[in-house]
Amino acid sequence: MRIWRFPCFSLLFGFFLSSFPELTGSAKLNIAVEVGTTIRIASADKNTQCKVCIGQNTQELCQSSVVLRSGANSVDFSCSQPEKVFTVQIIRDNVMNDIEPQEHNALQKFNRTFIWNLKPPATKSLHLNFSRTGLRQIPPTDSCPDVYMLAVENVSIGKFCQNGSIRQVDVRNAGKLSLEVSGGRALDKKFIGVSLGRLINSLANFHVVLPERSSTQDFFTPNAFPANTETMWYFTVPQTYYTDVRILSYTVPTCLQSQNIPKMKYTWQGKEPLVKLMNVSQPSVEPGNFNLSIKNCRISGPQPPSQNLMVHFQISAIKRSRGQCEGDLPEKQLLQIHVKKKDPKSTCVLKLDSVLMDTITIASGKHFVLNSFDCNKDEVELTVSQNIECKEWRDCASTSFPLTFNYEQQCIPGVLKTIIWLLQGPPNSAVELQSPAGDLRYCPPEDKCNSILLLNVSHVTSGITLGQFCPKGTIQKIQIRESKIAITASVTSFNDRNLATKPFLTYSFTQDISEHYIFTVAPKMDNPTVLATPVWPSGMKASSTVSWIVNLEPQFKSNVKFRNVSQPKCKEVHTNIAVQTIRSQKTLYSTKKDEKIKDLLVPESFYLNMTNCKSPTGAFRAMMEITLQNSSSKLLGIILSIVGVVFVIATAVGIWFVLRKKKRKKAPPVSVYNPSEHAFLPGLHGIPKAQEEEDPHTYAYIDETLVYSHLLKDDAEKEEYKEATPDESDPRLSAPALPVRNGENLVTKSNTLLDDELCGYVQGQSNTSSSQKTSQEEGNYETRLCV
């Protein structure tokens, strides 16, 4: 058994030594230290068995730490891997010149800290230029491969990594800059410029140059911020970039004077300083370079670490497109323009007079500067309010005014969504509304308007909504017994702002009306007309009245259907619904208590009146539907009248065509009326035989001077004509008698037709062979010449 115990103990001891190699073996380093530099090698663990040894006069001194000064130095370690036990500090004192870190190759495996002790003159400050390195600040508990730490007056200013936006740090009095490099990592020998400058009042000044890209930088106040001291940050912002400041966390001490509580103080060139408390929103979307200072107050006594001044803030820089609108709203228009972001989380930013807001209000009579950043047109909505007052009747009585909005400030971004007009007339007046673009349609809240425009009419005093209306309807006029009315025009799609200049409605103030509400309606044949009591679906106000004047064309009658009626319980007088014709003043319907309301067929224009009771329990509301129908009797009469008129016209035209045709076919005869019925008819062959009995009115000749005398110009021509007339006694010149048949006139058979064709009268003497002549036949006679 003893033979086996010894080998087992040897194996266990070997395993222990292999697990802690730093405890076995040794290592020797030769280190050259430059002038002005001190190297300190110290054990991180005081309980370690590994020692560092340096020779002194042939005697070797071994201990847990050693300090090496300028010159060549030989260092022995009592372990083979001292880099796991010891850390190295390389210190330079009284630094006032440029810093260029130097690596010691023998110490590269160790965790190294390069320390530069800064000591400027009492009247100067020291500027550390990190342009080649660039620093970014990190929380005190974080780390990175190469960590810079800065302390001033034994106060830690901050902890930094490379590749940041901090380009320079100014320190006053004595300070210390250190660089921690992890073991095995090569030193990044980046140059740090050191120069002297004017004395500063703050503990430290940080100069930050933000990159030309979107970025976010974190900054921290010094740990254990001394009382009554200040730290400054100078930010350089690229063109077209805008900065936002956010405080992520903070603690403030208890100050001797509460008004001196630490604050954030911002300064932009050309502007007054802006001071903000820690618990309020900080500046946002600010262009240009600016300074930020934080100053601690005088504290009342020792503070626990949790109540020291500590601020963790963040600076974001974003490139933005900017729009600016500057102007004045006319004071006489009594306007208010509300500019609002649709989505508060969007990147769009609105600022009024350098104040960041999600909703901006611009009022009449004030100068404004509105800035917008990265705002699309559809991301911003505009709401316009306008007060319209008419206090005296002489200024507004019986005059219609258009409701428009003259959008003069075209530079204000956004889509015009809502326009509100607040109408206020003289005392005891009523408001009358009409639509110049066509009649209005009542739109119940549960229905869709299917239009880009929705008009809402409400009472200003009570806020009660009368109803909402759309274009293209049947309501011609709305009358409201109220002097203060609000009209809201909501636009679902308003790409063209010039549409706002067109009148939505016309309004006028009139004398007080008998009803609370009066609607004038002209139903149409194509679609039913839907009507509802005011404030639908809520009930009418107690004792309120409403009347609809429904105008119908003569050829129509209307079917009134009560779709939804709710009756309250009344204590005294019950509610009333009445229908009365306008022309005949006949009451067709009037409700009674607990009576079921029936549909009506109204033959002409009518009134529909409703009255609520004084103390209703429940809601009084009603919805009606009016449908037009053709009136059959009236329509038949109209059709028969039209047919009769057409028939008369057609008959007259036919008769005219027949007479015209006959007249054209008949040859125009020329004859002389001969009472003796002996006539010569043109076209007869030969002279017909004379009748046995001669007509007593057979003429020997006709005195042509009597027939054609009206054609002679004067009396002289008449005398010449008489002289040229042949002798009537000459038998050769006597006119032959024209025989006619007995009882028949060959010229015309109708006395009526003969009378219609009279052309003139002639005079002559009778020449008959009859022995019996009357005195009348012997005298002068008249005869008619017909053509």
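Two strands count as a pair if DSSP finds at least two bridges between them. Keep that in mind for these close-ups, which come from a predicted model.

**View A. A hairpin built from β45 and β46.** Strand β45 covers residues 576–581 and strand β46 covers residues 587–590; the two run antiparallel and are joined by three bridges. Look for A578, which sits opposite S590 of β46. Five residues lie between the strands of this hairpin, and Q585 takes a positive phi near 55 degrees.

**View B. An open sheet of four strands.** Read across this sheet and you get the order β17-β24-β19-β22, with antiparallel pairing. The edges belong to β17 (215–220) and β22 (286–287): each has a single partner strand, so one side of each has no neighbour in the sheet. What holds strands together in general? Strands of a sheet pair through backbone hydrogen bonds, and they can do this parallel or antiparallel.

**View C. Zooming in on β19 and β24.** Here are two antiparallel strands, β19 (residues 241–251) and β24 (residues 310–319), with 10 bridges joining them. To find your way around, pick out T243, which stands opposite A317 in β24.

View D. Is S508 buried or exposed? Its relative accessible area is 4%, and because anything under 20% counts as buried, S508 is buried. Leaving aside residues up to four places away in sequence, S508 touches T399 and S400, along with A430, V431 and E432.

Definitions and conventions. Residues numbered from 1 in each chain as written. Predicted model: local features only at pLDDT ≥ 70, side-chain atom pairs only at ≥ 80, totals over all residues. Heavy atoms only, no water. Buried < 20%, exposed > 50% of the residue type's maximum accessible area, 1.4 Å probe, protein only. Contact = heavy atoms within 4.5 Å.
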